[in-house]
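Open your viewer and get your selection tool ready.

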Amino acid sequence: MSDKLKYILLVLACVWGQIAFAQQPTYPNYPNNPNYPNQQQQRINLRDTSGTVKNLTNDQQLDSLRKKLDKKKDSVVFSSKFIKVTNERLLKDSTQLFKLDTGLYNFENYSPDNQPRSPRITLGNLGRDERSLLYEPSHAIGFDAGLHTLDTYLLNPQDINYYRARVPYTQLYGVTGGLKEQMFRILHTQNINPRFNVGFNLNFIGSRGFYSYNLPLAQNVSNVNAAAFTWYESKNKRYNVLGNLIYNNLKTPETGSIRNDSIFKTGSIDKSTEAVRLPNTYEQWAGGGLYVKQVYYIGRIDSLSRAGANSANILPTQRVSYTLSYNSRKYNFKQNDGDAYNVFPDYYFESNYARDSLTVKHLSNDFSYSFYLRNKSAKTVKNELKLDVGLTQDIYSYSQYVRDTTLNQYGSKVNTAVKVQGTSFQDLTLKARLSYRLNERMGLEGDFQQIAQGRDFGDFFYDAKLKIGGGKKAGRIVFEGYSQSSSPPLVYTDWISNHYIFHNNFKSQKTNSVSFNYINDALKLDLKAEYFLISDYLYFESQEGGNDAHPVQLGSDINLLKVSLGKTITWRRWHFEDYLVYQKTDYQSTLRTPEFYNYTSIYYKTLLFNVLYSNIGLNVRYNSQYVAPSYAVGLGQFYNGQNVTYSSYPVATLFFKATLQRTNFFAMYDYVNQGLFSPGYYTVNRYPMGDRILTIGVSWAFYN
């Protein structure tokens, strides 16, 4: 009797537990679930005796209840913690994965031209030709076409992120400033299985700007980037393959600037109708590429867990890799207007119209081998010696076309594309990298790149770094020095187009630099001092007051000192971030960069309505006066033209940004202080910058 009573009490306990669970349901159709309103919970009626019922023993009833409970699935809220991200740089030495960044830091600075630590000068609005406001040297060696004014809008293989997604992940990102500026991005990625990830990117930029935007469609910026990517890691974690397909199509107007050079003095009744010098002329960069990188780990594989991470770094002891990449890009300039306002210095083929193009094709094969020596019993990396050696084969071909009048087979004059130059060649580059890490606080690195054979024979880049850390409060120090020699770009030495023809024999430009960098995360301080010695500097200039831009090489050395300081101060909910740059050179009028630059952000963090994690603040950008460069239409180069120095005043942006569950959004009023100090400003000669504008941006994340 006691045994039967025991089983009866156990069955009653299970029934009571079922009723209790029904009061705290995890079913999506529960009537109190806000995501599924007006739906009723389906409950099991244990008293229902209708129909044919099989008589069950107490044990069978208990087993039946257990099965029903086991079949019920828990409600899981998917979030960013299910997504890990990496990129090619992080996979260069080992397999490293990091959490997805869903924060609000720098979220409102959507434009590539307005990044706090890399400001740009532009032709007026989003998507137009640009270059760095500060001195930022390139470390690239080898063949260079010399066209870089739209580089920030290109999507390159090194820009692709790779994911390990336990659930499908989609991000939608949109920014609108009305018809003046628009940006939209789509990212989707998912794992086919735990080791195989695929995804794609789609980026769109549209911008009509602030002047003459109600005229032809050719005046509108229209940029499209697309990429499909994949990452596979073998089950034993020894083999990795990264791959992507990329397509770029950038179209931007070449107006020659507005005709009213005193727009901020005389004013304008309607800026949308302000006339430009070339209303139907534009440039277009189009092309695509394939990128495949394969890595295999040989020998022992170590792992290192990171604090706060859900996965460990995979550290190989030997590593071989092969990278195949192919890229084809066509640079087009299409002049559809007569030159009534002397935008161009000369004509060599067509008197009124131009169809200039340059096509560059690049095939690269890169082989590398890495060898690591480390203590396999250590929990952290100590006494690690690493040696990388590699060989890169670069095969290039380029061809340049213009439109000219020729005779066809019937003797009639026709306008057609004519090839004016083209060739193929290859470069072989030897690479080596040596590093020694005494511990996590101290390390030494050396990088060696030398073109040993080919068109650009003699180019080199040598770099050395010493890293010294002193703990969280003491910070860390990085000493760096490098020496570089780069062949002159194609546009400086051999260029044939309708408006510009150059044939020069320049020396390689040489840069030597040393730097000191102190970083203290506890103090939120970043101090860097850099010295540059530049020899045989290459740039474009024109005669005083002219527009005949042409390449020249400076015969004297340039000395440049650059000191930058970043600091963040937090007081309660107030945050103050500042970034200062001081540049001093003996050739300020040649480099044409400001001596002083400052970016300040002041914002207040708060929780609104108990749901919105919000930042409300003000960003202010300022740079000192400098001689403004000019822009050569049809050549795609900034050059030293008229010695024009514009007044310089702070540019302020008022912003509000917040996070609501999986959504980040911002509203910002850029150039909110327009009219306080001046009615407008310039960064490039004759090209006025945009007016105040209200911009709204939203980023949605979906995990399903």
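## A tour of salt bridges

Start by selecting Asp691 and Lys271, whose side chains meet in a salt bridge, 2.8 Å from N to O. This pair links distant parts of the chain, 420 residues apart. Asp691 sits in the loop between E35 and strand E36 (693–703), while Lys271 sits in the loop between H3 and strand E12 (282–305). Keep in mind that you are looking at a predicted model.

Are these two partners buried or exposed? Asp691 counts as buried because its relative accessibility is 16%, under the 20% cut-off. Lys271 is partly exposed, at 21%.

Next, select Arg686 and Asp261. Their side chains also form a salt bridge, 3.7 Å from N to O. Here the partners are 425 residues apart: look for Arg686 in the loop between strand E34 (682–684) and strand E35 (687–688), and for Asp261 in the loop between strand E11 (239–253) and helix H3 (263–266). Arg686 is partly exposed, with a relative accessible area of 33%, and Asp261 is partly exposed too, at 35%.

Now move to Asp670 and Arg621, a salt bridge of 3.9 Å, N to O. Asp670 lies in strand E33 (residues 663–670) and Arg621 in strand E29 (residues 612–623), so this pair ties together parts 49 residues apart in sequence. Asp670 is buried at 15% relative accessibility, and Arg621 is buried at 16%.

For the last stop, select Arg120, Glu130 and Glu136, which are linked in a network of salt bridges.

Key: Residues are numbered from 1 along each chain as its sequence is written. This is a predicted model: local features need pLDDT of at least 70, side-chain atom pairs count only at pLDDT 80 or more; totals for chains, interfaces and linings use all residues. Side-chain values use heavy atoms; hydrogens and water are left out. A salt bridge is a side-chain nitrogen of Lys or Arg within 4 Å of a carboxyl oxygen of Asp or Glu. Helices (H or I, at least four residues) and strands (E, at least two) are DSSP runs, numbered from the N terminus. Buried means under 20% relative accessible area, exposed over 50%, partly exposed in between (1.4 Å probe, protein chains only).
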